[in-house]
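Morning, everyone. I have one structure to walk through today. Please have a look at it before I start.

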Amino acid sequence: MTSAADPAGPSARPGSHADPHADPHPRARLDVGLLVAGLGLLLLVGASGTSVALPPLGPHGWAPPSLPWQLTPWTVVALQTLGYLLGAASLWRHVRRPVPLRLRWWHVAGLAVLVLLTAPFGTADHTNYAAYGRILVEGGDPWTVVPSQWRGDADPVVRWVQDPWREATSVYGPVGTWLMGLSAQVGGELARQVVWVWQALVVGAWLGVRELLVRLGTDRPTVDRWWTTNVLVVGAGVLGAHVDTLAVCAMAAALGLGLAGRPLLAGLATGLAASTKLTAGVVGVALLWGWLGTSPRPRRWAEVARLVVGTLIVLVPAHAFVGRAALTRIGEAGSGISYAMPWRSVYTLLDLGLDEGVARSVTTWVAAIGCVLLAVALWRITDGLTEVVAVRALFVLTTAYSLGAGYVLPWYELPQWLATAVLVGLVGHEGWRRLRPLLLLLVARSLVLALAYVPGRVHLPEDVETVTLAVRFVASPLATLTVWVAIWVLCRQARQSRVRGWSGRGQRI
């Protein structure tokens, strides 16, 4: 990785192109050093085999083997924590004083190869993906059959699923599950091989997002800073091999096609995104928001109709094919309340006096209202940053969801980082000055959320579990509450600035 200082100085547009022959600035070298060290530590965890962060997968077959040693629990925690801290520090420093990140193609290719030499870690979700794909290609229905009941719990792939997901059916959309089936078909009889094929799909999607963002008009230094090497994307989404990365790739395609004036194709991509993971369909809402707010009336409704038709062409047949059970499970997934969010305390209090289902439902609705309020505040904060309404809307909606939804995990924030990369690529110096406080808040809060899921597996040694749950139950909710308050302050400041602007214009008149 190389980086060069921007010769135009701090007044240049963030991520703007610098002289490729300029000598690296000391600040740039430090930023890149922090980034390389952070990613390297995370890669080491994934390459080191079964640990408190990485569940067992059995024989590796033709998939890459792990390194010939095993890390102790606290070593894993230290490596993950330090990796996230160093990577986030690099991004934090960039927000404070932007320095373009210059990556050659071999840097990105090398990082991709290194990712494919690791096994996924931070959760055991990839064992679920492998199991659901295996059940699908073997003739079962992953939306109605739990892994522990498949073939007497003797299947060579399905048996590696970890508790409590051994008793859980799939909550993923049909497109995402079909891709899991493809991985199972290619991977064969070994879980590690199935997971490696899935990793290859995830890495392809991650690199695909990079190229799609560049085609959207975002310059490569900005894309590589906020997406390709963002430790909060790579660590949580790519090294964790989460299905969210595939959904975000479809989101990027939908956004690009929509902004290029291809609403029918944008609708098809939106349908693919939502059929991979339902919440990814928010990109369609953002495009609708943009067209309804800016297009002339006749063209406006034609674009809306084409987008909706394109989305339904994918959504309806796909979900009709997999049946009602899949729809029921996908709907049930929206009622979760994660420990790392402030809403967990609300749910706990309500559960003392209400039925468990009622308490969960009320908390979910309160969280939804919170998301709406956050979206309103973020819309005011981002006023005037860009004339591309769809991009602004996507940033507002994804960020409001990441900060306010009832169930949020680190990899759920990938759509937010997609939108952030596009938005940052559009703002000029003045817009960057206004956006900087919010970006710093998002980086800090996402870092705390990522640390809340270190090392990430459910069953942990007692001493490790005590520490990680303290971060998850206390630090993460408090960090999120702090960001809520800060957004309210930023919203008030934005409102007061507009009032002063109107007053000033009136005085000049």
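Predicted model: local features only at pLDDT ≥ 70, side-chain atom pairs only at ≥ 80, totals over all residues.

Everything I quote is computed from it.

Let's start with the overall build. The protein chain has 19 helices and two strands. How does its radius of gyration compare with the globule rule? The value is 23 Å, close to the 23 Å that the rule gives for 509 residues, so the chain is as compact as a globular protein of that length. Along the principal axes, the C-alpha trace spans about 80 × 55 × 50 Å.

Of the 509 residues, 56% count as buried. Take the contacts with a separation of 6 or more: residues 24 or more positions apart account for 76% of them.

Next, the surface. The accessible surface of the chain comes to about 20900 Å². Carbon and sulfur atoms hold 65% of that. As for charges, there are 41 positive and 28 negative ones. Their mean positions lie 12 Å apart.

On to the core. In soluble globular proteins, nonpolar side chains tend to be buried together. Here, the largest nonpolar core has 134 residues. Which residues have the most contacts inside it? They are Tyr84, Trp226, Trp227, Met251, Leu438 and Ile487. Which helix gives the most to this core? That is helix H18, residues 429-452, with 12 residues.

Now the backbone. From aspartate 163 to proline 164 the bond is cis, with omega near 5°. Proline 164 sits in the loop between helix H4 (125-137) and helix H5 (174-187). From valine 454 to proline 455 the bond is also cis, with omega near 0°. Proline 455 is in the loop between H18 and helix H19, residues 462-508.

That H4 to H5 loop also holds arginine 151. Its phi is near 55°, a positive value in a residue other than glycine. Arginine 151 has a relative accessible area of 46%, so it counts as partly exposed.

Alanine 241 is another case. Its phi is positive too, about 55°, although it is not a glycine. It lies in the loop between helix H8 (231-238) and helix H9 (243-259). Buried or exposed: which is alanine 241? Its relative accessibility is 0%, so alanine 241 counts as buried.

Find it in the loop between helix H10 (263-276) and helix H11 (282-294). Its relative accessibility is 52%, and the cut-off for exposed is over 50%, so leucine 278 counts as exposed. Valine 316 is 38 residues from leucine 278 along the chain. Their C-alpha atoms are separated by 13 Å.

To recap: a chain with 19 helices and two strands, and a largest nonpolar core of 134 residues. Then there are the cis bonds into proline 164 and proline 455. Thanks, and over to you.

Technical notes: Residues numbered from 1 in each chain as written. Heavy atoms only, no water. Helix = DSSP H or I, 4+ residues; strand = E, 2+ residues; numbered from the N terminus. Rg over C-alpha atoms; globule rule 2.2 N^0.38 Å. Buried < 20%, exposed > 50% of the residue type's maximum accessible area, 1.4 Å probe, protein only. Contact = heavy atoms within 4.5 Å. Areas by Shrake-Rupley, 256 points an atom, 1.4 Å probe, with all protein chains shown as cover. Lys, Arg positive; Asp, Glu negative; His and termini not counted. Charge placed at Lys NZ, Arg CZ, Asp CG, Glu CD. Core = buried A, V, L, I, M, F, W, Y, C linked by side-chain atoms within 4.5 Å.
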